[in-house]
Amino acid sequence: MSDNYNGSTRGKFYSHSADTSEAVFQFPYIEGEIFSVCYRNVSCWLREKTVSEKGDIPEETIFVLAKREGGYKLYFALCDGVARCSLFGESGKVFVRAETGDGGTPLGTFRCVYVISGEDPYECVRTAYEELRRELGTFTLKKDKKTPYFADLFGYCTYNAYYDDIGHDVIVGAAEKFKDNGVTLGFLIVDAGWQTTDDMKMTSFSADVDKFPYGLKETANECKRKYGLKEFIVWHTYCGFWKGVDADSFEKYGVKREKFNIPQRFLKTAAADGDNFNATVGENFYPMNIAYEDTGLVSQDMAGEFYSDFYKSLKEQGADGVKVDAMTWIEAFAEGKGGRVKMMKTLLFAMQNAADENFGGEVINCSSCSNDFFLNIGNGSVTRTSGDYMPDKNTENEIHIKTNAFVSFWTDPVIVPDWDMFETGSKWGGYHAAARAVSGGPVYCTDDPQNADYSLIRKLSTADGRVKRCVAAAKPTEACLFGTPEGEPFRIFNRTENAYVLAAFSRGGNAAKDIPAREINGLPEGRYAAYSSLRGFLGVVTEKDTLPCKLCESEAEIFTLAPVKDGFAVVGMTDKLNPSAFTEEVTRDKNGVTVKCAESGKVGIYCDKGGFCEKYGKVVKVSVRGGNDDAPKGGAKLKKSVKNFFGPNNMMMYLMLLPTLAYIFIFGYLPLAGLVMAFKNFIPSLGIWDSPWADMGGFHHFHFFVTMPDFWNILKNTLVLSVYSIVVNTILPIILALFMNEIRNVHYKKTVQTISYAPYFVSVMVVCGMLFSFSGEEGIINRVMRFLSGDPELNIKAMESAALFPHLYVISGLWQGLGWWAIIYMGTLANVDANLHEAAIIDGAGRMKRIWHINVPTILPMATIMFIMSIGNMLSVGFEKVYLMQTAGNLSASQIISTYVYNISFRIDNQFSYATAIGLFNSVINIFLLWLANFISKRVSETSLW
């Protein structure tokens, strides 16, 4: 073995020569106190392991990180020419295994190992790939290639939810269910089950007609047209399907039937550390025991044409990209074809070129974790970095996160890591969501849509289906590179354009540790606003401080460290798991800071003068004049006096009133004490009284509400519905009562009364159901309009119209309550003295004059009282009906104060303090309006409530 040191590189290349197709030789240059290795535990995937002796390095190791005095030493097993190398330890020594995979292809002279040393292991990896790219020339760095569009979209994969039981209705139904729950899918992966196959061999480029009777294109188009999907991605294996392609169906591509050629050294039993196999494959790894059966492989010479035709067909069928599975399996068919490295290069070149031509490079490389892939990848970037997500294996959750983080550590310069799909609705949903939020790669779930946690999904994505990624791949902190001590959380770090992030994960149970901020590699000196995804704002820290972390089983936490600049730090959208990622633009000037986010939401900003605050909006501003200097210094004591409350002569009457008074006190007055929640940051575990006071002297929530961008729209909607309802429901019942009072036919009068007040007994839910039914595509409204217009295609979506919503709300309410309210005024008219009418008749007054001068003045006092009481409830528009009538289309006109309070307190954010503040604000304004209306009425008409 020779040391080929190149003076232009920091690292060293070690070379070897052999005239055989496989060679094993000692590598004496590995040194260190402890070793962190990445090795292939199965054919497709890597697994991390820490060993204290180099002789324990497992078979098929391709990366080694050695810790030694003064720093680190990193070892990369190489692919060079036709040789593919790996490392393993035995009897206290380390060996290189070099192979071509083809007995007729000798190794020749090749570079087998690259070694680099340094104090910063992360910088060493970056430097290593720069030098490997320059010296080997076989791959492209991530920075020099395009990241697929779908990586910035939120996605869904059908596999775990449906396995191969999929079809048009299933896929469209899933997209519909997500949309109904307020989540737009950005991309969708149609996994195994869509293809036309026989004996597990692909027989056609087209989809199974039984599952997709209208073709894949109709499924893709419907998902895009109706539910906002942007990318439709389909799955296949490197060779078509699990056992390749049918030779007769694809005769033009030179298909041959071949069996797996698995080296005997790989066919070992389970290893002592619990891995499925001691080395790379093992016959039981391949599904359905296909290792013993033939696989239909396209000729290497025809691979380019095959993939070009395949992807052209998929594009015509509506596909926007592909997920290519089982890529490393190609190693088992290298005999007689020039070796495994050549086959991998052929596969990658043919597949990626076809993908670039037809899909613009929208590819997920899967089951490809081997150095012959990493060191030969061209334009492709997104690559799965761990074994399959296993929702039913609790012990796999930590391993899954660790594996992805360590593979990302070793491969970040060349790929965008895909940490695999996950189930949001599982016990470990939040755990995996936190990992995906900071991973730097795609984010997609695989839930049964009935069981998905849509609130969690909304913390990962925007309403239009986008995700905001970190700028690199998440990696283990330096303290976790060689194992994590028992009882401590596993930690990974990353950064966004505006902040640094650190995520911590429980490990099989409770985990606690004060984590030094400097565990984030590259964290500059300075002050940072620290924010916890579980605990909110923590305070201002420096790189020398620690972050308190205490986790229970299945819990994870994300810490955001936002730099304090010019007295401000922008944490980002605090209703997202990774807040700073969703910050798109930050502008600072002498007056303060302006923040533009990916969508409207809560934005957390720290100010040296005013502390931490949250504002709502897409673009928010915080003034440099913030602060809490006007906070109250104390409170006045409440004085009580009950002297002479009870008179001796009224004791029995008071005793009779006690139950009523007790009821009113317990259910009317006692709960008023809870209004203090409006002035606090309520934390359920602390209770109302022990929760901390809100900023701005307790008025933070009130200020936040009246300054949020949506405030005026919500207030306008509330006032429009209130005023509209008050006017209509005051005037029209009076008119109906006046006219009904003039009816002399008793039977007719009773019939009109019954018909008019019967709808009052119809429930609000039924009324809303009728509205949706009548205004549906086949509802009576559209049928009548089609008849009148003569347009058979006319479809008026009344319930989706913001312009029609106030009219539908008021008119349906009028229909329901008109007759009932008229009864009140008819009762008042019953008290009119008949002598007044007789005298008016004698004076020559006609019916209309008698109505105007006798009946109307009689009704007015009652109408005034009803009007005043209505004014007192002006901002308290009925919640139930508005909420039941709300749709995505009419939300801009139907979002009122009461529905907004419900959403933030129970449905979306559980912000009880904020909701209480809005409710109190609402009540205070109502009381003021009631007083004002009563005052004006008393001055003008002498009719009032008091």
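Residues are numbered from 1 along each chain as its sequence is written, and side-chain values use heavy atoms, with hydrogens and water left out. As the model is predicted, local features need pLDDT of at least 70 and side-chain atom pairs count only at pLDDT 80 or more, while totals for chains, interfaces and linings use all residues.

**Aromatic rings**

Rings of Phe, Tyr and Trp (its six-membered ring) count as a pair if their centres lie within 6.5 Å; planes under 30 degrees apart are stacked, over 60 edge-to-face, and the rest tilted. By this rule there are 58 aromatic pairs. One of them joins Phe25 and Phe110, whose ring centres are 6.4 Å apart with planes at 50 degrees, so the pair is tilted. Phe25 belongs to strand E3 (residues 22-26) and Phe110 to strand E11 (residues 108-118), so the pair ties together parts that are 85 residues apart in sequence. Here strands (E, at least two residues) and helices (H or I, at least four) are DSSP runs, numbered from the N terminus. Both Phe25 and Phe110 are buried; buried means under 20% relative accessible area, exposed over 50%, and partly exposed in between (1.4 Å probe, protein chains only).

The rings of Tyr760 and Phe761 have centres 5.9 Å apart and planes at 90 degrees, so this pair is edge-to-face. Tyr760 is partly exposed, with a relative accessible area of 37%, and Phe761 is exposed, at 59%. Ring pairs also link a cluster whose members include Phe13, Tyr114, Phe373 and Trp410.

A charge sits over a ring if NZ of Lys or CZ of Arg is within 6 Å of the ring centre and within 35 degrees of the ring normal. Lys576 lies over the face of Phe582, 5.3 Å from the ring centre. Likewise, the charged end of Lys881 sits over the ring of Tyr809, 4.9 Å from its centre.

In strand E34 (residues 592-607), 13 of the 16 residues are buried, so the strand is largely enclosed by the rest of the structure. Two strands pair if DSSP finds at least two bridges between them. The table gives the pairings of E34.

| Partner of E34 | Sense | Bridges |
|---|---|---|
| E32 (residues 568-573) | antiparallel | 5 bridges |
| E33 (residues 583-589) | antiparallel | 6 bridges |
| E35 (residues 611-623) | antiparallel | 12 bridges |

Gly572 stands opposite Gly604 in E34. Arg588 has Val593 in E34 as its bridge partner, and E33 and E34 form a hairpin with 2 residues between them. E34 and E35 also form a hairpin, with 3 residues between them; in E35, Gly611 is the bridge partner of Cys607.

**Cavities**

On a 1 Å grid over the protein atoms alone, a cavity is a set of points where a 1.4 Å probe fits but cannot get out, and lining residues have an atom within 4 Å of a point. Grid points are joined across faces, edges and corners, and a volume is the space filled by probe spheres set on the points. The count comes to 4 cavities of 30 Å³ or more.

The largest cavity has a volume of about 200 Å³. Of its 14 lining residues, Tyr238, Leu297, Val298, Ala303 and Ile330 lie nearest its centre. Strand E18 (294-297), helix H5 (303-316) and helix H6 (340-359) each give two or more residues to this lining.

The second largest cavity holds about 70 Å³ of space. It is lined by 13 residues, with Arg436, Ala437, Val443, Leu460 and Lys468 closest to its centre. Helix H9 (residues 429-439) gives the most to this lining, with 3 residues.

Notes
1 Å grid on protein atoms, 1.4 Å probe; cavity = no way out; pocket = protein on both sides within 12 Å on 5 of 7 lines; lining within 4 Å.
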